[in-house]
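Dear colleague,

Please find below the structure that I am handing over to you. My notes on the ligand site and on the pocket follow it.

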Amino acid sequence: MLNTQLKSDIDQQIGDDHVLTNIATPLRADAFELDDDAKIEIIQKHFKEIMHTLGLDMTDESLQGTPKRVAKMYVKELFSGLKPENMPAMTLFENEYKYSEMLVERDITFYSNCEHHFVPIVGKVHVAYISSGKVIGLSKLHRIVNFYARRPQVQERLTIQIGNALKEALGTENVAVVVDADHFCVSSRGIADQSSSTVTSYFEGVFKNAAKKEEFLQLVKLKD
Ligand SMILES: Nc1nc2c(ncn2[C@@H]2O[C@H](COP(=O)(O)OP(=O)(O)OP(=O)(O)O)[C@@H](O)[C@H]2O)c(=O)[nH]1
Ligand SMILES: [Zn+2]
């Protein structure tokens, strides 16, 4: 039930100013008309063409399997989070202990891909929430992060999608997210800076309050 709601609503949320903020990944209406096998078949064909165009000998034994491998990896792994049915099921529990402080799950490792260059974004996500009566299985926090990471992404959208999904799943406004990531489009090409990282944040509910924000940042040790 909750999951159905998540699937249908999660990409469109009412923002702070009650303006509809569209943070949906831009997908066409017919995005899921083809099944995974059909997508793999088509991507494989096109990827083989790309490799051929680069001048690679596609009869070479080591290269032959690459188009299929890449196609499968795109559909089943790297971009599996495009498919709403891959949204993780949420396990919620009663907050039996009446724990009322923030819960922080820090250093959640994620692997995503930049939608501008299709090269990796690798980083850590730190999330926090304050229970409104329900608590969530800790692994589900990781699964939500990974679901949205498994899409072609920009970091700003990834951050908001994770935050909105947590708010929806937990039925609370009190959610914070910080994403700290290395973009290979910045480090391995282009400007080729290997030492910078990109930090984005999402603070809703009580986390807009300076003291709560500070407490969260202290707990994830982003400060000092
Ligand atoms: N805001 C934002 N920008 C990103 C993200 N990932 C990559 N970019 C940037 O998107 C831009 C892509 O736009 P272009 O300037 O057209 O691309 P480009 O010519 O390859 O740019 P260079 O990287 O400067 O060579 C680059 O500046 C990237 O650094 C992200 O998650 N968020
Ligand atoms: Zn990029």
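A polar side-chain atom of His 117 lies 2.8 Å from an oxygen atom of ligand 1, a polar contact being a pair of N or O atoms within 3.5 Å. For His 116, the corresponding distance from a polar side-chain atom to a ligand 1 oxygen is 3.0 Å. Gln 155 takes part through a polar backbone atom, 2.6 Å from an oxygen of ligand 1. Alone, ligand 1 exposes 630 Å², of which the protein buries 48% (Shrake-Rupley areas, 1.4 Å probe).

This is a predicted model, in which local features require pLDDT of at least 70 and side-chain atom pairs pLDDT 80 or more, while totals for chains, interfaces and linings use all residues. Residues are numbered from 1 along each chain as written, chains are lettered from A and ligands numbered from 1 in written order, and side-chain values use heavy atoms, without hydrogens or water.

The residues around ligand 1 (a heavy atom within 4 Å) also include Cys 114, His 183 and Arg 189. Helix 6 (155-170) and helix 7 (184-187) each supply at least two residues of this shell; helices are DSSP runs of H or I, at least four residues, numbered from the N terminus.

The largest pocket has a volume of about 590 Å³. Its lining comprises 21 residues, with Leu 27, Ala 31, Lys 39, Ile 43 and Leu 82 nearest the centre. Pockets are open sets of points on a 1 Å grid over the protein atoms alone, where a 1.4 Å probe fits, with protein on both sides within 12 Å along at least five of seven lines; lining residues have an atom within 4 Å of a point. The volume is the space filled by probe spheres set on the points, which are joined across faces, edges and corners. Helix 2 gives the most to this lining, with four residues.

Kind regards

Key. A polar contact is a pair of N or O atoms within 3.5 Å; within protein, one must be able to donate a hydrogen and the other to accept it, and residues adjacent in sequence count only if both atoms are side-chain atoms.
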